[in-house]
Amino acid sequence: MKRITKILLCTLLAVCMAFPTACKGGKDSTQGGTSGGTSGGTSTQPPQKQAEFTINETIQKLSVNEYTNSALNDDGFYGLSDISDVGVYESELDTELYPIDDTGCEVIDLSNANTDDGFHMLTQAFAQAKTYNDQGKKVVIDLPANEVIEVNTANGGNTYTFNFNGYNGLYIRGNGAKIVLSYEAFAYRGFAYFENCKDIHLQGFSVDYKIPTAINGIIENIDMENHTTTIKIDKRFNESVKRIVAANAKLLSYVEFDSITLAPKQGGYFGTASESFVTGYTCSGNDEEGYTFVVSFGNAYFGYFSDAALGDYANLAFSMYVYNCFGFYSCEDVCMEDVTIHTTGGMGVVGNKTTNILCNRVNIVVPEGSGRLMTTTADGFHFAECYGEVKITNSIIEYPHDDALNIKSGYYYTLNSVDVRNRTVVIARKTEAISKPDVGNVIEFYDQDTFEKLGYGTVESVTGNEAVYTIVVKESLTKQDAGSWLNGRKVVATNISKTAKFTFENNIVRNKRNRGLLIQVRDALVKNNAFFNVGHGSISIHSSLDVFNEATMPQNIVVKNNKFINNNYLLSLSGDISVFARSSALAPVSTITGIEISNNFVARNGNAGISLQSCGDSIIKNNLLYNNGRVTANEVYECAVEMNNAENILIEGNYAYNTNNSPKWAGIIPNGLTSPETITLKNNINLNYQVIEAEVATTEVGKLGSAVTVDGKVDDWADQGTVIAMVGHSLATGASIDPNEYSDVFGVQMCKIGWTDSGIYIAYDVKDNAYDFKTQNNFWNGDCFELFVSNVIDMPNADFQLSRTKGDVMQIGVTPTWTPKSWTMVESRTNDRILANKNLFNAVCVKDEDGYTGEVFLSFELFTGLKTTVDNGEEIAMAFVFADNDRDDIGRKRLQVSNVPHFVEVWKTKTAKMPLFKFI
């Protein structure tokens, strides 16, 4: 027996795909679109107006640069409702928005300063300005026009060269001055830190290091056997190299760049010290001949390398996340305009607990002709728990190592206790200090494991310190059933009122490794920007309970009139524009609401163009989506729009155009609990739902003829049991692999299933030439056997994490090295009733001379739901996965072999492609 699973079969619109250059506007036979979801199947009539340009001509004109094109006027023909309003307005990049008004100010003019000591010149001016400020006077400091001011940071503070505290009304007018920070040996410093300051205005100067914190060169050799790369360093970094070697500085990051595009390399390697990826490095050479670095990498990371990197660049950084250029803490009314940051040993601009930050023409760029490939060695901009307004306009951000911008509204608290009678909750910080909630603030509560929203409270009173707060709320907690929140649950709390209104408008983000924007606030506008060559993806709108514990659940975010070109090819985000909420699993539907993504050009990105996960009441409208998913982590993201746990989404007036000729590409892929019935499709072009046409076999399993002893040995299976064929052969990187490429070192020699009136039995025999078993806490990183079982098959695209509550659902890992038992159950994908009675479960695995063998018993005493399914003659979905970790001799990443088709990692937890078993 076989079944064919289809999510939704729509009319295929292929005219423009087959004959793209012949299709023009009103003559486009696909213009009527395909409707689905709640809107039915009505097609609109094509417009009467003739388009001026073909779709290919339009895409070419949109792709040529970051800027808007006023010559484009084919509104509505290719999705975009206002095509001339897409991208950055080039003329506005030179617009001054915040001129310094020196009326009534004391002016300190440094143009005639008789000193070459930049540090003392500025220190004296800052001290004099503080004296004026203390007298209630505002101060303008005029820097020498267009001069280089060298500042020896050794005379300054330990982290920042200059520290400002309590200033009120300080305006630094740079007049084109260039501040160059010099430092002793390897002692980096940031530039300026402001604390408890008000009315700060910085304008018209640049900041650079005399000796940059990162170096780069050409990759000359890759030694796969010894796990090294050889890099010929650009001679412009000779002084940096000598200081690095003298200090025996630790290599903190490594990023490969394409030698042609000078963007982070697609398929290239990157790593940071937090991952312990480097085992060491050596340096040889001299100033005249140049220097050569040989970098040694750990075994777990070297599998990322390939000979294709030869001739490309590698950038090495030796300072990260410490020496920020500008820092603002507990300040008010900060303005930066026409300020350029060329490099720093950390982040560019950091704001924390600060009210109103306006940045116009704050450029983070490499100096022309410098040969550098890194500006900030961490985020470009980073804002945490700021208030009022945070606004970034008309700026260029290129080559930061980490996010171009991260804005968040704090961290999550742990809910310690609830007193329903007295409307009182006690919350404790999870990671670091968060400012005390104010009366009138709203606190929201979420289940720590599922991210389900549980309730909220408006602060009536609050007491405590920065570690623990006791809060009385106005609302009745009884009505919210707060008494049950702590009944076996872990609960977190967040202050949704401590957040800034965020605007990011008319900016360019380009040529960087990590994400573009990380948005973790409410009420944000991202408009008329351009994102080019952003390796990990352009925009991440999310909240995540992970090691970073960030941050308030985002709502009401508008992303419009932007260009997104050639991003997310390093496959970090599900979509180039990615919205999600996640704890240990993806959050429920409609956890994030109020997202609008409209009039954007999203082109040639990895994974989906747009991804909405855990979303509801949101809009995707009038976007042109071109060659999305051109390189993907797996096939569930090879689409224009991906939705996981989404509902009540309006998808209207979009145009999807794909010329990559992949048979797996789809317009829309619904995953998880997303149901087309809750999605409204209206007047779109080539946005059809994915059709899963995989033939999934139903195997009939007969009863065993003789008794089986579950001891890990498989001798008693010789003449009985039903054979399970292995059809999927996938590398963890996402590639399929031919079994002949690994047959000499690994293979599933036997896998069988059978049953009796007592339960279901499974046996396997695996050939493995070298063992690499991990612990029960990370078994999935090593050699193991995984078993996935579910009698819930009516949620085909739902991960087991979502279906585990619906029936007998389980995931286990098995190895021969664990004691006292060979197996572990994965809580996030196993039904609670099964977990509570797992003492009734049995699995044994033992090593032999050339691998290992094992047996599993699913007792009907424990799996009562499976017994009912069997008794009713219905099918059970089961995935058998055998994993083999890295093997240096054949240079491949971790392998998964399964009865589930490629890509195993995607489909082993979803019944859409899991084989079914019927027990007869």
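**Strands 12 and 13.** I started with the pairing of strand 12 with strand 13 (residues 270-272): the two run antiparallel and share three bridges. For the record, strands (E, at least two residues) and helices (H or I, at least four) are DSSP runs, numbered from the N terminus, and two strands pair if DSSP finds at least two bridges between them.

**What I am working with.** The model is predicted, so I kept in mind that local features need pLDDT of at least 70, that side-chain atom pairs count only at pLDDT 80 or more, and that totals for chains, interfaces and linings use all residues. Numbering runs from 1 along each chain as its sequence is written, and side-chain values use heavy atoms, with hydrogens and water left out.

I then looked at strand 16 (residues 313-317), which pairs with strand 12 in the antiparallel sense over five bridges. The bridge partner of Y254 there is L316.

**Is strand 12 buried or exposed?** I found five of its five residues (253-257) buried. Buried is under 20% relative accessible area, exposed is over 50%, and partly exposed is in between (1.4 Å probe, protein chains only). Both faces are covered: S253, V255 and F257 are buried on one side, Y254 and E256 on the other.

I traced the strand order as 13-12-16-10-11-15-14, seven strands in an open sheet with antiparallel pairing. Strand 13 and strand 14 (278-286) are the edges, each pairing on one side only. From one strand to the next, the twist averages 30°; for angles, axes are lines fitted to C-alpha atoms, for helices over the stretch in contact, and the range is 0 to 180 degrees between N-to-C directions. Helix 4 (residues 238-247) packs on this sheet and touches strand 10, strand 11, strand 14 and strand 15, its direction making about 50° with that of strand 15. Contact here means heavy atoms within 4.5 Å.

**Strands 11 and 15.** I checked one more pair in the sheet: strand 11 (residues 228-233) and strand 15 (residues 290-297) run antiparallel, joined by five bridges. T229 stands opposite V295 of strand 15.

**A214.** This residue is in strand 10 (residues 214-223). I have A214 as buried, at a relative accessible area of 9%. What does A214 touch, leaving aside neighbours within four places in sequence? The list is F237, N315, L316, A317 and M374. L316 is also the bridge partner of Y254 in strand 16. I also took the A214 to K137 separation: 77 residues in sequence and 41 Å in space, C-alpha to C-alpha.

I noted L262, with phi near 60°, in the loop between strand 12 and strand 13. L262 is partly exposed, at 33% relative accessible area. L571 also has a positive phi, near 65°, and lies in the loop between strand 38 (563-565) and strand 39 (575-582). Its relative accessible area is 24%, so L571 counts as partly exposed.

**Cis peptide bonds.** The bond from T819 to P820 is cis, with omega near 5°. P820 is in the loop between strand 57 (809-814) and strand 58 (823-825). I also logged the bond from H902 to F903 as cis, again with omega near 5°. F903 lies in the loop between strand 62 (895-898) and helix 9 (904-907).

**N634, a contact of F903.** Not counting residues up to four places away in sequence, N634 touches F903 and V906. N634 is in the loop between strand 45 (624-626) and strand 46 (639-644), yet it counts as buried, at 14% relative accessibility.

**Cysteines.** How many disulfides does the structure hold? I got zero, taking a disulfide as a pair of cysteine sulfur atoms within 2.5 Å. I looked at two cysteines: C283 is partly exposed at 30% relative accessibility, whereas C639 is buried at 0%.

**Helix 8.** In helix 8 (residues 864-871) I listed G865, L866, T869 and V870 as the buried residues. Down the helix axis they fall within an arc of 140°, so they line one face of helix 8; the arc is that of the directions from the axis to the C-beta atoms. An α-helix has 3.6 residues a turn, so residues three or four places apart point the same way. Just after helix 8, G873 has a positive phi of about 70°.
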